[in-house]
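User: I would like to learn how to read this structure. Can you take me through its main features?

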Amino acid sequence: MKVQNLIYGAAYYDEYMPYDRIEKDMELMVRAGMNTIRIAESTWSTLEPQEGVFDFTHLRRMLDAAKKYGLNVIIGTPTYAVPTWLVRKCPEVLAITHGGQNLYGPRQNMDITNPVYLHHAEIIIRKLMEYVKDEPHVIGFQLDNETKSYDTCTPYAQSKFVEYIKDKFPNLEDFNHEFGFDYWSNRINTWEDFPDVRATINQSFAAEYRKFQRQLVTDFLTWQSNIVAEYKRPDQFITQNFDFEWHDYSYGLQPEVDQYAASKAVTVAGADIYHPSQEHLSGQEITTCGNIARGIKNENYLILETQCQGNPEWLPYPGQIRLQAYSHLANGANSVMYWHWHSIHNAIESYWKGVLSHDFSEGEAYKECCVIGNEWKRIGDKIKNLRKTNKIAIVANNEALTGLIQFPTATKDAHAYNRVLRWIADSLFEMNIEFDIIPANENLLSNYDCIILPAFYSAKESYLNALDTYVSNGGNLITTFKTAFSDEHLKIYHNTQPHILHKALGLHYDQFTYPENVTVNYKDETSEASEWMEMLLCDSATPLVHYEHHAWDRYTAVAQNHYSKGHTLYLGTMFGKNTLKALLKDFFLLCDINEPDKLSFSATYPVSVKQGINDDGKHILYFLNYSKKIQTITNTSGDAVELISNENVFRNDRITLEPWGVKILEIRV
Amino acid sequence: MKVQNLIYGAAYYDEYMPYDRIEKDMELMVRAGMNTIRIAESTWSTLEPQEGVFDFTHLRRMLDAAKKYGLNVIIGTPTYAVPTWLVRKCPEVLAITHGGQNLYGPRQNMDITNPVYLHHAEIIIRKLMEYVKDEPHVIGFQLDNETKSYDTCTPYAQSKFVEYIKDKFPNLEDFNHEFGFDYWSNRINTWEDFPDVRATINQSFAAEYRKFQRQLVTDFLTWQSNIVAEYKRPDQFITQNFDFEWHDYSYGLQPEVDQYAASKAVTVAGADIYHPSQEHLSGQEITTCGNIARGIKNENYLILETQCQGNPEWLPYPGQIRLQAYSHLANGANSVMYWHWHSIHNAIESYWKGVLSHDFSEGEAYKECCVIGNEWKRIGDKIKNLRKTNKIAIVANNEALTGLIQFPTATKDAHAYNRVLRWIADSLFEMNIEFDIIPANENLLSNYDCIILPAFYSAKESYLNALDTYVSNGGNLITTFKTAFSDEHLKIYHNTQPHILHKALGLHYDQFTYPENVTVNYKDETSEASEWMEMLLCDSATPLVHYEHHAWDRYTAVAQNHYSKGHTLYLGTMFGKNTLKALLKDFFLLCDINEPDKLSFSATYPVSVKQGINDDGKHILYFLNYSKKIQTITNTSGDAVELISNENVFRNDRITLEPWGVKILEIRV
Amino acid sequence: MKVQNLIYGAAYYDEYMPYDRIEKDMELMVRAGMNTIRIAESTWSTLEPQEGVFDFTHLRRMLDAAKKYGLNVIIGTPTYAVPTWLVRKCPEVLAITHGGQNLYGPRQNMDITNPVYLHHAEIIIRKLMEYVKDEPHVIGFQLDNETKSYDTCTPYAQSKFVEYIKDKFPNLEDFNHEFGFDYWSNRINTWEDFPDVRATINQSFAAEYRKFQRQLVTDFLTWQSNIVAEYKRPDQFITQNFDFEWHDYSYGLQPEVDQYAASKAVTVAGADIYHPSQEHLSGQEITTCGNIARGIKNENYLILETQCQGNPEWLPYPGQIRLQAYSHLANGANSVMYWHWHSIHNAIESYWKGVLSHDFSEGEAYKECCVIGNEWKRIGDKIKNLRKTNKIAIVANNEALTGLIQFPTATKDAHAYNRVLRWIADSLFEMNIEFDIIPANENLLSNYDCIILPAFYSAKESYLNALDTYVSNGGNLITTFKTAFSDEHLKIYHNTQPHILHKALGLHYDQFTYPENVTVNYKDETSEASEWMEMLLCDSATPLVHYEHHAWDRYTAVAQNHYSKGHTLYLGTMFGKNTLKALLKDFFLLCDINEPDKLSFSATYPVSVKQGINDDGKHILYFLNYSKKIQTITNTSGDAVELISNENVFRNDRITLEPWGVKILEIRV
């Protein structure tokens, strides 16, 4: 979605205030150059304190104050946190999960399939929409909040699962065969025998339930979207704050939502990105998660939540809040919305601090926001709606991710898939090569010079055939261990591995182990093999790396292949990023994949370079210093103006970046 | 409570004996100089094998044998372990906790609010009291055992909680506002909607339930005390064995009991202190936990349980049992009672060994008890009822402790509060400075030259104002990070931090983080910052220590202030004990707080010095060697007699302490 | 059981195949020299897809194909995995355990005492037996699979436990006294009060329930055996695949089954042995677990399951599958059956790979099986039915094992008993001394020159008296800490420790601790004390090792004694294997226990030597190279023929072993 102006602001909760400060807060926001607040998304019990009793006092106050101070408003539907009265009247609203029966207390504890929940959710959504739809400064709506299925396993949800399976497998025998239920006597011989899914030892079954749960999320958002669409004006957007695999911060692809499917429910993709800070601020999460967000609808996206001060360990060093804000824009975001304006005085997120600390003073964070907001008022038009055209795409896929949870690697955790994805994404980021992250959609392949499939474990034959065709036609494919090993139901393919792709890759294997004391080496970059190792046997492929190990040295670790008009690179194990970067560099040279415009490469990480085309068709070049040291680089692009300082920077000029600093060149054409 | 004679003995269980040894055991006790047994406290099912069927055979045997051998008896009410028949007849007696429904088996598994439990408990208490009250050698009664609420969350207990809240907040809206229930839609709009507290994400709510559970303990002990008081003679005491935060040994303030409130139910405070042994015997637990016990009623206390041999890892080195016994007395205890006489042959505490091992032989532990008991027969009158007058007090507080559980520091465990308390207490101990531990009671402040508040997170305004006045009037205050941050309901104060105290402290802050690679230095004592760090900004205060860190070095870590007639010291982070001791030393000099009598300081830890005034008004000086090496010190006090050896020690004489040895000087006036 | 031919093969599941391969697979097996398949053991839901509906199609296919290809068949009863229809019709079939209510999904999740389960299990067993009993190539039956009680704690099972206790203790008072239920008010004063056992804090009670659960296993197998015996021919065997304490591989004595008692249900002992591979392949598990298996019925045993490729971390180096196969035979096994033929394409064991990988190619593992199978066709008659006569026996005991779970050592896990057993067994193995592992049966003692009791915690007086007599009569006894400490109900003996044995051992103790910074030294082999240390006081014994520690050096760590005609060695703590081996070596010299025939000792570990007598009465000598290096040894035995190569090896010839290689000498007499 293109925006008129960059959106800058914070979530605001009049409901949580210890005393009336609404005018003071709006005044502070305006002073900081902010222009938007996001409200209402967790306040069902305030809006409807008893069934059928509605109280929009806080809403009214916020709408009025925002109007008075010229702030725009995003309205969130309040359905992700249910009121006490609803649970008292219908305890079945609370989900039963793999962990048992939920109790009241946390948000997101309900069964999103429960008809009573849906009934009351619809009432409050409609009441709210009716109330706000005509407010001119309401620019859009957020559906619910970070929606998931919350692992609902209620009998009701499981009965829907039976219908879902019946629909896919009208013949029960096909279901038994595809899922291998003969194993350990797990056959389901009549639909009535369908067992509780929670304790299954059949990974195909477990994974299918996860897929079904993701479908529930899509259905739920679609249902909400349809309701909201009945009310909204054409100029108002619908969004959802998609989030990411959570490692105490945003890490990678969200396992519990098929964001590509769910995106049809929204008119613009929104995202919540939280990330390490202080010495650990690297730009990696903003890049990988931002690229996922940009890929959801393949256009500019909104940052609906990110940290200002955030958790104690994230207290930003001076300059970091500003660096972060520009990093989002450099990646294609059109907004930075903090969660949240003020630090809350009660409950679980009290130490997840906002722009203001608990004392409401104009602290360091607020002061840095003022810098950002006022810079954006000045130069926002030049940097909004940044268009990107990348030649390389990483394919992100929920089924593969689930596959690696169900059949883990040596590090027996649930994070292997995103670890592999991040291994590649972070290496590209450190090489200052921009990339897209896209779904496993055959139609997208031809947009790219190079497709990268990290641990694409669970793969449909049709997609594998499309990849084969893509390479035949001159595409370049990079893929890793644990790719194309099983079909879309985690049934392992029973012929040569990697299934179908072995032809394009020119290699095969039937043995694998966890590496122990195994090293790999490429052009003097030596590192230890980890996670998984496949004993590759090259057919037509050229071995690039062998395993260094007394028993396994007969096998190949990395090989490349020329297949018809295209090239492939296969990584049979995981290893250090420096080794990977050396391999990628040579592979890109071989495939003649131009580093985008060659402009950026006088800068090396920790100076990150991001680029794009602005609304004026001008080339915009960001230099982002992810370090505590001053960095100096040379402008190897053309003559330019540095937008923030409005100073000329001629070709071959030296550019100095403060610690955690940023410069933005607009190239003169 | 003053005693006629030091109480020395053990818990005795005729019920658990594999064969009849009662006469033999009493004879052994007498030979060891013991004079008291504690009986009956866990034997409900033996006393009342079926409902209404009473059998006092074992009790009779023990009372008779004790009388015959001249031993006194402490009777424990048997209510902390319920009999099988009660649970069969009324399964609801078993508590439901945060972890779910309790099963029969462990002690302390019942709902102490359950009326059926209370009904039957009252019956057995009255029967028992009736039976023993006239026995002349019964000197006192112990209520129950290490009483807690055992985390009862039964519907019955939770319904009492609703009443408790109604009582505090007649207006539900006040409750919602103070507890911030608008957050995440947690509002309670009618009393009927009051939800199960167990899964709450509202820390104010969770903490209030913990406070309520502590109130249940006070109520329960008061109820028992009133029953017992109906029977007891004026010469008999009522006690309770208060215990401590448990880290496989007694560590610090007990989180589950408000011992200051509960103390009103007893006539003398008792305590259970268990501690590391062997190389890890330090005197720290005996000091900190003993000081807490002494502060419960601000007088001499009883050690009702401590280890003789104890757990396998506690097997004492030669001399340690004796050192421990004297350490308790040096701290103000009037008794040492071992848990227990004999090592049990079945069940969970079989390896928690007593004075005798399982083979009942006269082993090393028994032999060392003989030394102790016979020394005390000789010198007990000189060392009993030791009076202490300390100038420094540490304030210990359950609400603050709960606050740090609910909002943890970087080490995300439940022990942060006591870790901070112990950091200070252990430093004072190693400086050979004695101190009291007192409740947060305004009236006590003026008794002390210096008040120390470790991590006083949750603080009423009235107490903070009293502290402000205390300093204004010339008092000296030391406090740490995470002090006065929230009110008594864990609602964070919404103005300058630390709330109210910032005036006396002469500083404020609104930023904090977990320290990472941050050091602090004071007078060449450098150490690493840990747990928490606040970015202090000095107003009138003098910075003493800055953070050593590239980004945070602009902020102060430790500052002192002169405020009207008093001084303050604020510790914005945690660090090494040596750095702390250097700071404390200078602060005490600045405040002109005399080290008590200056007598002790020729000795340095691991020689610990403790002192007090005995019943004769004489100054008693203990030297306790907490090390495996011989230690030699100089008597810098006046001419004295060493009580154990009955030898003269003149001023400036050298005193030699054996490994784990002890000497006691009575100063001639 | 003696066999006609070595049994070589794999479990086969036509049910799990993605497509029809049965003829191809049988042809591959025959080519590999395999002769047996094991079928049917987990396929109840395939055999009886609905109650009373039977479908033996797969069975028919496998029986017919096996007959056509000359393969024998072992039939497993399918009762360890219940079908969905049974759970739907009778949810009570699923066990309630210490962890709560089981759900459907895993195998071995049922209550084996449940009458509905037993009723339907009997029906399918009888139908199956009826169907297969007359097939000439069915050579035997396996009862169920790795049978346990699966921790059933259902009300039904617990009611059986009450009966079991009533039977042992008709007088409830005796039960209370022996189990010490007076402690913590746990008395059971009427049978109706018998509480749920799951939360007990009484280890005697908990351990007795474990013993009762083991009895359930014996009862269950006996019940199945009786049914099967009604059908089977005299030439057909009945077996059970006994397994071992599981540490991600087979580690030691199985805690949940009394295999000695259960063995009466079978005509030949079978075992499942899985073990580490690659660099960690040591021969230790094959030896210890194999020795347990051989001892179950004191004769040759069957390996019914072992890994071919197995889990990813077990992928064998070249040569290891063959070394493993010979190692089993060298230990007295008469079969090697892989689990399983093909790698499964769905569900939890998909990565537990078989002879063939998922692609069914003739991979490295298959090729190595071909070598093995064809060697055995050639030389099998010389190496089958190997007879062993060992002079040393280790006593393995479930009650002792349970005792060390209930009262753990310093390493507070459930594995202490087997850790001590393995400490001794692995030391003997590394000394190339073969040994038996036997039950605590008085009648077996006289078969051995030396009896070793590792951590024989829970011991009946009658057995201790028998041991005393054994030593008096010239036997030699080695035992360790934590021996003879409690009776058979975990009631600690209340007199001199070790109970009864202290006379033969010539020492006693009443103190023990966890060692911390304690070393022991014997003949320059110094190592750290661990797990437990007893403060030994020698009466008549000779101290061999003292504790090296400032406080404990007065106590003995290891002592030997001469008692009447025998000798004893007592190990009061655990320490390094090298120190133990030095002690054992000297003790065996002292006792004049000849190393078996002295033949083997030119070889030292990692070359393992195993021996026995074959059907021709010839001495067979195995040399097994458990290392990645070539090893060369000298034949210090007589002139011989190396069976695999059929080459002569004369006395004093050098023998070269490839990495992971094996040679077998048949000594010419």
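**Reading the fold and one residue**

Analyst: Start with burial. Buried means under 20% relative accessible area, exposed over 50%, partly exposed in between (1.4 Å probe, protein chains only). In chain A, 69% of the 669 residues are buried. This is a predicted model: local features need pLDDT of at least 70, side-chain atom pairs count only at pLDDT 80 or more, and totals for chains, interfaces and linings use all residues. Residues are numbered from 1 along each chain as its sequence is written, chains are lettered from A and ligands numbered from 1 in the order in which they are written, and side-chain values use heavy atoms, leaving out hydrogens and water.

User: What does the secondary structure of chain A come to?

Analyst: Helices (H or I, at least four residues) and strands (E, at least two) are DSSP runs, numbered from the N terminus. Chain A has 17 helices and 33 strands.

User: Which residues at least 6 apart in sequence do the contacts in chain A join?

Analyst: Contact means heavy atoms within 4.5 Å. Of the contacts in chain A between residues at least 6 apart, 74% join residues at least 24 apart.

User: Where does His342(B) lie?

Analyst: His342(B) sits in the loop between strand 13 (333-338) and helix 12 (364-383) of chain B.

User: Is His342(B) buried or exposed?

Analyst: His342(B) counts as buried, because its relative accessibility is 1%.

User: What does His342(B) touch?

Analyst: Leave out residues up to four places away in sequence. His342(B) then touches Tyr13(B), Tyr16(B), Met17(B), Gly354(B), Leu356(B) and Phe360(B).
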